[in-house]
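This report describes the fold, the helix packing and several individual residues of the structure shown below.

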2 protein chains.
Amino acid sequence: MTAAATARLNDVNLDAVVGLATRIQEEPDAGATTWRADVKWKGAFRSEATVREFGPVPSDEPEALGGDDRAANPVEQLLGALGNCLAVGYAANAAAAGIAINDLDIAVEGDLDLHTFLGLRDGNAGYEDIRVQVYLDADASQEQLDQLHAKVTRTSPVGHTLSRSVPLQIHLA
Amino acid sequence: MTAAATARLNDVNLDAVVGLATRIQEEPDAGATTWRADVKWKGAFRSEATVREFGPVPSDEPEALGGDDRAANPVEQLLGALGNCLAVGYAANAAAAGIAINDLDIAVEGDLDLHTFLGLRDGNAGYEDIRVQVYLDADASQEQLDQLHAKVTRTSPVGHTLSRSVPLQIHLA
């Protein structure tokens, strides 16, 4: 480990990340992970997603869409997941590169046409495109920042999930 | 409106949904929507996503991945968003079809190989596949349930976003 890592640059536990990477290099099967969320419908357009031991996170729709507007809706949650994923990528890869992050904000937005969701026509019910603006204040040269950005976008789990076509099996039990 | 809709079957405000659909049929541009989430990095792998006026929702990574394990991670949030989206789809389309839902639980899981995220090889950092089991208790025939299921999966905004390749632009400001 470098001195920077030992000092927990960006507060990142780089030892744990490097330890996991080393273990997966020695034992490739350890890289195969399965993640899970359980959703419970609560009436109307309200539901809750529970992950592991964490408390349930509410979901709803705006009133214009027929909801009670008590929480972010699923397509907004998806954008949040992308931003959160990129934040992890920046923190981890900056720490590995010895770059201190002072501040990091990520604005995510996406365009979606409601015709298909509302059953008015067949087609794409999902996002047509998603745009992200990353506001990064870090102690590094522009070249270092560009390299960091390239690394993060090349390795983002949520980014790849969205930019690729993922096989989706939905079964009614 | 049917009597069932007036009685708010499944507690769904079908009047609002039908009203929106009617407006978009008359004025197709009204179907074009833009959604947004703003993410703020909080140190280490912790961040928060804020949507509209709702309180920030925390994100973290498990300790094995170098996090402090205080919240669901981004790839888990994405699965939750899919389950929540399907719940809305079932509630809305069941109400429109006059089907009362007694109970609805949705289990979502996905497989993801960590090699690319950890920089050990190029490739797919995202989900390789996502599987959903829908546990629906509703007052309807199997044929009605199969039709409902087909309609929901054909019109899910998050489902389509995942099963299609979405253009993703990530800019470092």
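A residue counts as buried when its relative accessible area is under 20%, and as exposed when that area is over 50%. By this criterion Ala44(A), at 1% relative accessibility, is buried. The coordinates come from a predicted model, and every value below was computed from it.

## Chain A as a whole

Chain A comprises 5 helices and 6 strands. Their order along the sequence is α-α-β-β-β-α-β-β-α-α-β. The C-alpha trace of chain A extends over about 55 × 35 × 30 Å along its principal axes. Chain A has 173 residues, and 55% of them count as buried. When contacts in chain A between residues at least 6 apart in sequence are considered, 46% join residues at least 24 apart.

## The nonpolar core

The largest nonpolar core contains 106 residues. Tyr90(A), Ile106(A), Ile130(A) and Ile130(B) are the residues with the most contacts inside this core. What does Tyr90(A) touch, leaving aside residues up to four places away in sequence? Within chain A, its partners are Ile101(A), Leu104(A), Ile106(A), Val134(A), Leu136(A), Leu148(A), His149(A) and Val152(A). Tyr90(A) also touches Leu172(B), a residue of the other chain.

## Helix packing

| Helix pair | Angle between axes | Axis separation |
|---|---|---|
| α3(A) and α3(B) | about 170 degrees | 8 Å |
| α3(A) and α4(A) | roughly 130 degrees | within 9 Å |
| α3(B) and α4(B) | about 130 degrees | 9 Å |

The pair formed between the chains is taken up here. Helix α3 covers residues 74-96 of chain A and packs against α3(B) at an angle of about 170 degrees. Angles over 145 degrees count as roughly antiparallel, and α3(A) is therefore roughly antiparallel to α3(B). From α3(A), the contact involves Pro74(A), Gln77(A), Leu78(A), Gly80(A), Ala81(A), Asn84(A) and Cys85(A). From α3(B), the contact involves Pro74(B), Gln77(B), Leu78(B), Gly80(B), Ala81(B), Asn84(B) and Cys85(B). By class, the contact of α3(A) with α3(B) has 8 nonpolar residues, 6 polar residues and no charged ones.

Within chain A, the axes of α3(A) and α4(A), the latter spanning residues 142-154, cross at roughly 130 degrees. This angle makes α3(A) oblique to α4(A). The crossing of these two helices is right-handed. On the α3(A) side, the contact is made by Leu86(A), Gly89(A), Tyr90(A), Asn93(A) and Ala94(A). On the α4(A) side, Leu148(A), His149(A), Lys151(A) and Val152(A) take part. The contact of α3(A) with α4(A) divides into 5 nonpolar, 3 polar and 1 charged residues.

In chain B, helix α3 (residues 74-96) and helix α4 (residues 142-154) pack at about 130 degrees. That angle makes α3(B) oblique to α4(B), and α3(B) passes α4(B) in a right-handed crossing. Here Leu86(B), Gly89(B), Tyr90(B), Asn93(B) and Ala94(B) of α3(B) meet Leu148(B), His149(B), Lys151(B) and Val152(B) of α4(B). The residues of this contact comprise 5 nonpolar, 3 polar and 1 charged.

## The loop between β1 and β2

In chain A, Ala44(A) is placed in the loop between β1 (32-41) and β2 (47-50). Ala44(A) has a positive phi of about 50 degrees although it is not a glycine. In chain B, Ala44(B) lies in the loop between β1 (32-41) and β2 (47-50). Phi of Ala44(B) is likewise positive, near 50 degrees, in a residue other than glycine. Is Ala44(B) buried or exposed? At 0% relative accessibility, Ala44(B) counts as buried.

Gly43(A) is also in the loop between β1 and β2 of chain A, and at 9% relative accessibility it counts as buried. Not counting residues up to four places away in sequence, Gly43(A) touches Asn10(B) and Asp11(B). Gly43(A) and Leu120(A) are separated by 77 residues in sequence and by 24 Å in space, C-alpha to C-alpha.

## A further loop in chain B

Ala30(B) is found in the loop between α2 (14-26) and β1 of chain B. Apart from residues up to four places away in sequence, Ala30(B) touches Arg23(B) and Ile24(B). Ala30(B) and Leu168(B) are 138 residues apart in sequence and 23 Å apart in space, C-alpha to C-alpha.

Note on methods: Residues are numbered from 1 along each chain as its sequence is written. Chains are lettered from A and ligands numbered from 1 in the order in which they are written. This is a predicted model: local features need pLDDT of at least 70, side-chain atom pairs count only at pLDDT 80 or more; totals for chains, interfaces and linings use all residues. Side-chain values use heavy atoms; hydrogens and water are left out. A nonpolar core is a set of buried Ala, Val, Leu, Ile, Met, Phe, Trp, Tyr and Cys residues joined through side-chain atoms within 4.5 Å. Buried means under 20% relative accessible area, exposed over 50%, partly exposed in between (1.4 Å probe, protein chains only). Contact means heavy atoms within 4.5 Å. Axes are lines fitted to C-alpha atoms, for helices over the stretch in contact, and angles run from 0 to 180 degrees between N-to-C directions. Helices (H or I, at least four residues) and strands (E, at least two) are DSSP runs, numbered from the N terminus. Angles under 35 degrees count as roughly parallel, over 145 as roughly antiparallel, 65 to 115 as roughly perpendicular and the rest as oblique. A crossing is left-handed if the near helix is turned anticlockwise from the far one by less than a right angle, and right-handed if clockwise. Ala, Val, Leu, Ile, Met, Phe, Trp, Tyr, Cys and Pro count as nonpolar, Asp, Glu, Lys and Arg as charged, and the others, Gly among them, as polar.
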